[in-house]
Structure formats: structure tokens, C-alpha cells
Amino acid sequence: FWLKFSATVPASTFKAMAPKFDPNEEKYVVLRQVGGEMAAASVLAPKVGPLGMAPKKIGEDIIKATLAWKGIKVTVKLTIKNRQAKAEVVPAATSLVIKELKEPVRDRKKVKNITHSGNLSKESVIEIARKMRAADRSNAKVLQGTVMQILGTCNSVGCTVEGMKPTDAQDCVRAGEWDLPDA
């Protein structure tokens, strides 16, 4: 009975081992993290461990890159080549709006569910829209579409624009009351 199943299996049925890691190849790892703070090694280890990187060293690189965004949750893009990591902040609309409000850094463990009640100027909204277009983070064809996206983000964040609700500002943009440059 056992002889029937113990026949030799051809070597071609076994899968080959995984290819060797090429050190010159660029790998990208994208993660969300609070600026200026160290992520837990347990979060970084599964992402950078297989690439031969130490999570603690990567965490220190991320802290250096995100110091300007202290206390704000940002997207960080790690570029890994030759076992060297370079961290860069990829701006999101929410992060840019909150940074532009210039609120004091809060203790995330004590203060929860914060409402951002600041006021943005029209110029700062246009500047944020330009940053989003420069970073290729907006799919809008013209600057007006990107401004509308930023005003929608202001609405979800809870801040006002030029002293009015962001939805009212969107109506002004649609009506052509805001003088928006072409680019």
C-alpha cells in the first residue's frame, strides 16, 4: 500500500528558492507616522526587516525627516538602496492644512478628538493647492479643482477659510468670485 505513494517525484515539481536580494535595486516603503516621533519597532520590523535594515536606525531617520511636522500625522516614503534608507515626507492635504493652521503641539495621549478651529486665508489655500500640484498629489486638471479639493479638506478638518465655512468658499470659487491664477 505505501509503495504506491512513495514513488520518486521529479525534481522539476519543486519550486526554486527565492531570488537573491539585489543590493543596487531601489525599494520603496510607504507608511503613515506622527511627525517627530519614533514608530514602534514592531511596526517597522515587518516592513524593513526583509530588506536587511534595522528598524531602530530607520526610525531615527524618519524622526530627522519629520521634525518640521512635529505632532502631525504624515505619510513617509522610504527609499532603500544599498541598505541605505532615505526618508522623505509626502505631503497630504490634511497634513498641509493642519500645518498651515500653526496650532501648538498637543499631547496625543491626553488630548483626544481635537477640533481644528483656526482660520485660513485665501492665499494660504492657494499655496497649499500649489504644493499638492507640485508633489503630483492632485488629479485635478486645473488649479481651481485642486483648490476645491483643499477647501473640502478644510471642511473635514473643521477650520474656516476667510472667516466663512469652506463649503461657502467652494460656492464662491464655482461662481468665479475668487481670482485664481492659471497655475
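Helix axes are lines fitted to C-alpha atoms over the stretch in contact, and the angle between two of them runs from 0 to 180 degrees between N-to-C directions. That definition is needed for one helix pair described below. The model shown here is predicted.

The overall make-up comes first. The protein has 7 helices and 5 strands. Followed along the sequence, these elements come in the order α-β-α-α-β-β-α-β-α-α-β-α. Of the 183 residues in the protein, 34% are buried.

Helix H4 covers residues 93-100 and helix H5 covers residues 122-134. Their axes lie 10 Å apart, at an angle of about 145°. The crossing of H4 with H5 is right-handed. On the H4 side, the contact is made by Ala93, Leu96, Val97 and Glu100. On the H5 side, Ser124, Ile128, Lys131 and Met132 take part. Sorted by class, the residues of this contact are 5 nonpolar, 1 polar and 2 charged.

Helix H4 also contains Ser95. Ser95 has a relative accessible area of 3%, and because buried means under 20%, Ser95 counts as buried. Setting aside neighbours within four places in sequence, Ser95 touches Arg32, Trp69, Ile72, Lys73 and Val74. Trp69, one of these contacts of Ser95, also has a charged residue over its ring: Lys99 lies over the face of Trp69, at 4.1 Å from the ring centre.

The relative accessibility of Thr66 is 1%, so Thr66 is counted as buried. Apart from residues up to four places away in sequence, Thr66 is in contact with Gly35, Gly36, Val74, Val76 and Val89.

The remaining point concerns rings paired with rings. In general, a pair of aromatic rings is described by the distance of the centres and the angle of the planes. How many aromatic pairs does the structure hold? The number is 0.

Note on methods
Residues numbered from 1 in each chain as written. Predicted model: local features only at pLDDT ≥ 70, side-chain atom pairs only at ≥ 80, totals over all residues. Heavy atoms only, no water. Phe/Tyr/Trp six-rings, centres within 6.5 Å; stacked < 30°, edge-to-face > 60°. Lys NZ or Arg CZ within 6 Å of the ring centre and 35° of its normal. Buried < 20%, exposed > 50% of the residue type's maximum accessible area, 1.4 Å probe, protein only. Contact = heavy atoms within 4.5 Å. Helix = DSSP H or I, 4+ residues; strand = E, 2+ residues; numbered from the N terminus. Left-handed = near helix turned anticlockwise from the far one by under 90°. Nonpolar A, V, L, I, M, F, W, Y, C, P; charged D, E, K, R; others polar.
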